[in-house]
Amino acid sequence: MSQQQDISFNPKARIILQLGDQLIRSENIAVLELIKNSYDACAKKVTIRLKNLDSPNFGVITIEDDGLGMDYGLIKDVWLTPGTTHKKNQIESGNFINPCNRVPLGEKGIGRFGAHKLGEEIEMISKKENAKEAYLKIKWKDFDNDDMLHKVPIELSERDPEEFSEGKTGTKIIIRGLRNKWTRGGIRSLYRAINSLNSPFESNNSFRVVFKTDKPHWLEGLLSFDDIKDSALFTAEAIIRENKIVNLNYEFNPWATLKGLKERKYNATDIEMMQKEYDDAEERKMLKDIDLSEHNIGEVKLRMLIFDLDTNILSLGGIQDKRGFKAYLKDNGGIRVYRDGVRVYDYGEPGNDWLSLDLERVNLPAARISNNIVIGAIALDRLESKDLVEKTNREGFIENDAFNTFYSAIRFTISQVVAQRNIDKDKIRSHYGKSKKKTPVVDNLAILEEKVKTDLPDGAVKTDILGMISEISEDYKTISEVYIRSASAGLSLSIVIHEIEKIIQEMLYIVEDSSKSDADGEKIKSLTWHMGKLIDGYSGLIRRRSRRESDLKQVVRQALWNIDFRLNAHDIEVIRAWDEAKSFSTKVKCSDNLIIGTIINIIDNSIWWLNYGKVQQRKIWMEITDELPGYCTIIIADNGPGFTLPTEDVIKPFISNKESGIGIGLHIAHEVMNSHGGELLFPSPNQFSIPEEYKSGALIALAFKMENN
């Protein structure tokens, strides 16, 4: 039997170099890691000095703080011990052995190796209160060999104070033999990174960083946060706690030069956060809570400034340096994360689209914001957010369950802010867009037609021109109808796919578990017929048909038939209140396929909000009435939470309070009703005979002119 021996890792010396190279991504991160060490040491002031950085052989980087400092023993047992738990133990115990009671930012014990990222040689002088001054010198090239780590000598000594005399404490790190040549762009990038270390929305007088370089002209022309903050037209603040936005404040502050626009404030409280998730048990997507309390995340605060970079709008803002203004937002825009007021990298850095803002704006440019038009800061408490764990390479948080919940909460909150911003953006475009809003083509054709009629003499030419204008007008109307039809079909397509998949899955279950009985065969046949009927009903949305006389009762029945599986899946009861034997005619001229698509989209909205509102007995009430004089009207009401945005705004494109909502469903419904000479109405609860339980929910009316009017 072999004798068991104690065996352990025996690392080579070059592992230290690999730690610095691979775990610290860039020179900027390396400097910031050393600054964070100063913060953890209770420094009030850190001074960064850069000299001869464009000449690596002569360049010097100095980082000096006035913190607690270290003595010989602390450097030997902690600073020179990679992966020490010294700070981690403080965090977990809550015992912060420092007079400033700061929660340490670092806990992995590897940030100090950022010094190797910067240069080949480091000198460190540090002094702790009532202790001698400690002196450390490391030549990183000594580690670039095949020796074992413990065999590489390091110069560490203690001496009488030379650098920190007269009772001063602190740490000074001098880095020489720079590994890279620094450029003007690199210095500007470091300056920007250091200035973004603290949240721009909060002043931190207890900790500041002073930046000094022997090439100050390299920093000329750089704008600051104070230079641009007042140019933001839209601002927002939100507090997120558990599964709610407990408070949301939004403001629209138009510049004085934007005459005709008034400031607007919006406040909401206790907004429940929800998102769609696939439920394995239900085999479909369901609305589920976004709940921070499921993890140690704590309270989250979000502040945002949103800008408008439209050239025509900027020209009215009094911004002198428009190029510099846009460059600042390009370099500094985005949503950043701060813990105890100090930044977590690299959220908000150029190229890091961690919230997919840029990606979504590409698909919906009018409805979404991008990183280069927003400056945002997320504030976290270091102790309360323990489940958000920073990656060792300092590139954000580990993407665990806690991060996914945090991410979803931020995205949901941003969607609420953007919904309000879109309302005011639409007002800006209406007043100060490149041209005043009008119906494209149609208005100009009408003007042209009138001009021809009044200004041209009668004759063959005039007749030909008027004929061509008429043909162009009709062709344009056809194009518009195709657009509306296609858009309506597009909105309903996801519902079609979902419902067909449900039927197919049900058929697969029956086939797999079938006893091959006649009853099973009939059920499969019935489901197949149902699916064929469903597809046939939806295909009508994209088949072009002229308007004809249709019975609205049949149109509503067809719409409900098409969406039947979705209603059943969400356990929603539809009350069909109309009397089949109406005393008035329910027949109107319409494109029934477009109206079916419109009804489906309205019901789909109701389904979402009924689930969002966590209504126990979900109901949709539908009626066909002649209570509005001269109109035959379809009423669709639900017992959900009702509209969360002004109804005059919900018909505008790209305005939605649903997270990831496109915001064009009701806009298209409005366009469809206009194209029929009817109206999309949001009546008051007492305008029609509505049962009491639906008066607080969403109420929509599709009003069609009766034939004799």
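A salt bridge here is a side-chain nitrogen of Lys or Arg within 4 Å of a carboxyl oxygen of Asp or Glu. The model is predicted, so local features need pLDDT of at least 70 and side-chain atom pairs count only at pLDDT 80 or more, while totals for chains, interfaces and linings use all residues. Residues are numbered from 1 along each chain as its sequence is written, and side-chain values use heavy atoms, with hydrogens and water left out.

**Exercise 1. Find the partner of Lys-614 and say where the two residues sit.**

Step 1: Lys-614 pairs with Asp-289 in a salt bridge, and their closest N and O atoms are 2.7 Å apart.

Step 2: Now place them. Lys-614 is in the loop between helix H17 (592-612) and strand S21 (619-625), whereas Asp-289 belongs to strand S13 (residues 284-289), so 325 residues separate the two. Helices (H or I, at least four residues) and strands (E, at least two) are DSSP runs, numbered from the N terminus.

Step 3: Check the exposure, where buried means under 20% relative accessible area, exposed over 50%, and partly exposed in between (1.4 Å probe, protein chains only). Lys-614 comes out partly exposed at 33%, and Asp-289 is partly exposed too, at 30%.

**Exercise 2. Work out which salt bridges Lys-652 makes.**

Step 1: One partner is Asp-426, at 3.4 Å from N to O. Asp-426 lies in helix H11 (residues 401-432) and Lys-652 in the loop between helix H18 (647-650) and helix H19 (665-675), so this pair ties together parts 226 residues apart in sequence.

Step 2: Another partner is Asp-649, with the closest N and O atoms 2.9 Å apart.

Step 3: Buried or exposed? Asp-426 and Lys-652 are both buried, and Asp-649 is buried as well, with a relative accessible area of 5%.

**Exercise 3. Describe how helices H2 and H6 pack.**

Step 1: Start with H6 (residues 184-195), whose 12 residues reach 17 Å from first C-alpha to last. That is close to the expected 16 Å, a span taken as 1.5 Å times one less than the number of residues.

Step 2: H2 and H6 pack at about 35°, their axes 10 Å apart; axes are lines fitted to C-alpha atoms, for helices over the stretch in contact, and angles run from 0 to 180 degrees between N-to-C directions.

Step 3: List the contact (heavy atoms within 4.5 Å). H2 brings Asn-28, Val-31, Leu-32 and Ile-35, and H6 brings Gly-186, Ser-189, Leu-190, Ala-193 and Ile-194.
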